[in-house]
Amino acid sequence: MTATRTRTAHPARRPSARDQVTRHRVPTRWRVVAGAAATSAALCALTLSTVVVVWRLQRPAPVVVCGTDALQAGALAGLAHFSAWLRREDASGFVGEVGWPAGADIDQWNALGAVWYRAADAIGLPVTAWAAGRWPPNYRMTVYRSGSTVGSAGPQAPIVEAHPGAERYLRGVALAGGSFGTGDGNPDFSNLNPGRYGSDYTYEDAGFYAYLAGRGVRLVRLAISWERLQDRPSGPLVAAELGRIRTAVGSAAAAGLRVVLDLHGYGDYALGSADTDGSADAGAGRVRRVPLGSLELPTTALADLWSRLARATADLPAIAGYGLLNEPTKLAAKGRDAALIWERASQQAVRAIRRTGDRRRVLVSGYAQMSPADWGRLHPHAWIEDPVRRVSYETHDYFDQDNSGRYRAGYSDELARAAPSTPLCQSLTPMTRRSLW
């Protein structure tokens, strides 16, 4: 509003010296307005400078990490690409799987792993290494193995233990025993034939969690199966399986560990058929894998599962977060159309979890191209809207050419395939300093 001044009429007279001075003074109300404006401008400048300081505190400067060969350089370039996407989108990240094989060339692989973990430290990424649990003796990716004794460490363990993370970004290992027997190699697996607990699949016992804690592990990514936990889409949770999961989380909690519940699937659901007498028919050809986003498995089915599971585990403080779906690659479409299906499904799942009042962190994979180097090709922008801003985008990182983790070739062969033009040194962009867990 414009300031005004009311004048009173007086007889004409020659102004005195006092009058001449008074006429050039700024009226009191105008001085108040001007003073307020100056104060406001000063406060704005102070606020802006404070915002800049806070922004700089939360957005630290890039860090340079260098490798010594082309394979190390490629791994660093992948993390640099992922971290740049996170910073551009003001998002948080999580590495749900990283791993390399034991063997005659383990020293070379460990050197690569050490460089990779230094880069993850610079970014501030939480990581769960692949893998731990009851793997067979010939499985070369086992960081910690459980068995007849409490546990044993693989040759990758010293690298993992040298990079324990921090309070705001926990580190640990992935436990996949809860998803054993569900892969493509078992065509008979289905919701009606989920396998026998303790034989076809299992969760680790309390002793192994205590062993992991003694090795410096602080976070476990616990694999669970959709078909075992919910024996029909959008149906009630299977009480026995939920009880096993709760027991596993309780054992982890007793050892002082935090847990990410990882729905370890690929985007489809193994739907079995029944004989006329109602018994499950496990014969080959009687199992249909229906993809997420289809009429038989709409995207709302995933949201339903997570809504039920969030409610059923709300009283378990050891749960640090929920991994919505391990690697959503088998959807009802391909390419960008599939990416859009996954964006819709993951957004619905996040909303369903938040409607329960749950504020735990939600970990969201990308569709198909989810390695750090490929991140963002089908998801150019962060897509989840979360009212509590506790979402992290999940990537998996392996160092073989196809990022599969099968490691069919040795280090020297993988090195020969690596791009020689990739710079050995990469600039890595740290995430904001806010806590992730």
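## Backbone exceptions, aromatic pairs and nonpolar cores

In this predicted model, Tyr407 lies in the loop between E15 and H11. Its phi is near 50°, a positive value in a residue other than glycine. At 2% relative accessibility, Tyr407 is classed as buried, because the limit for that class is under 20% relative accessible area.

Asn403 is found in the loop between strand E15 (391-398) and helix H11 (411-417). Although Asn403 is not a glycine, its phi is positive, at about 55°. With a relative accessible area of 22%, Asn403 is partly exposed.

A further backbone feature concerns Trp130 and Ala131, which are joined by a cis peptide bond with omega of about 5°. Ala131 has its place in strand E3 (residues 127-133).

The aromatic residues are considered next. Across the whole structure, a search finds 20 aromatic pairs. Two of them are set out below.

| Pair | Arrangement | Centre to centre | Angle between planes |
|---|---|---|---|
| Trp116 and Tyr117 | edge-to-face | 5.1 Å | 80° |
| Trp135 and Tyr139 | stacked | 4.2 Å | 15° |

Trp116 is buried, with a relative accessible area of 1%, and Tyr117 is buried, with a relative accessible area of 1%. In the stacked pair, Trp135 counts as buried at 15% relative accessibility, whereas Tyr139, at 25%, counts as partly exposed.

One aromatic cluster is formed by Phe82, Trp85, Trp375, Trp383 and Tyr393. A ring also takes part in an arrangement with a charge: the charged end of Arg228 sits over the ring of Tyr201, 3.7 Å from the ring centre.

The nonpolar cores complete the description. The largest nonpolar core has 109 residues, and those with the most contacts inside it are Trp116, Leu125, Tyr144, Leu212, Leu261, Trp306 and Trp342. Helix H4 (residues 106-123) gives the most to this core, contributing 11 residues. A second, separate core consists of six residues, among them Phe94, Leu170, Leu219 and Val260.

Trp342 may be examined through its contacts. When residues up to four places away in sequence are not counted, Trp342 touches several leucines, including Leu292, Leu302, Leu324, Leu325 and Leu331. Its other contacts include Pro328, Val364, Ser365, Gly366, Tyr367 and His379. Trp342 also touches Trp383, a member of the aromatic cluster that includes Phe82 and Trp85.

Definitions and conventions: Residues are numbered from 1 along each chain as its sequence is written. This is a predicted model: local features need pLDDT of at least 70, side-chain atom pairs count only at pLDDT 80 or more; totals for chains, interfaces and linings use all residues. Side-chain values use heavy atoms; hydrogens and water are left out. Rings of Phe, Tyr and Trp (its six-membered ring) pair if their centres lie within 6.5 Å; planes under 30 degrees apart count as stacked, over 60 as edge-to-face and the rest as tilted. Buried means under 20% relative accessible area, exposed over 50%, partly exposed in between (1.4 Å probe, protein chains only). A charge sits over a ring if NZ of Lys or CZ of Arg is within 6 Å of the ring centre and within 35 degrees of the ring normal. A nonpolar core is a set of buried Ala, Val, Leu, Ile, Met, Phe, Trp, Tyr and Cys residues joined through side-chain atoms within 4.5 Å. Helices (H or I, at least four residues) and strands (E, at least two) are DSSP runs, numbered from the N terminus. Contact means heavy atoms within 4.5 Å.
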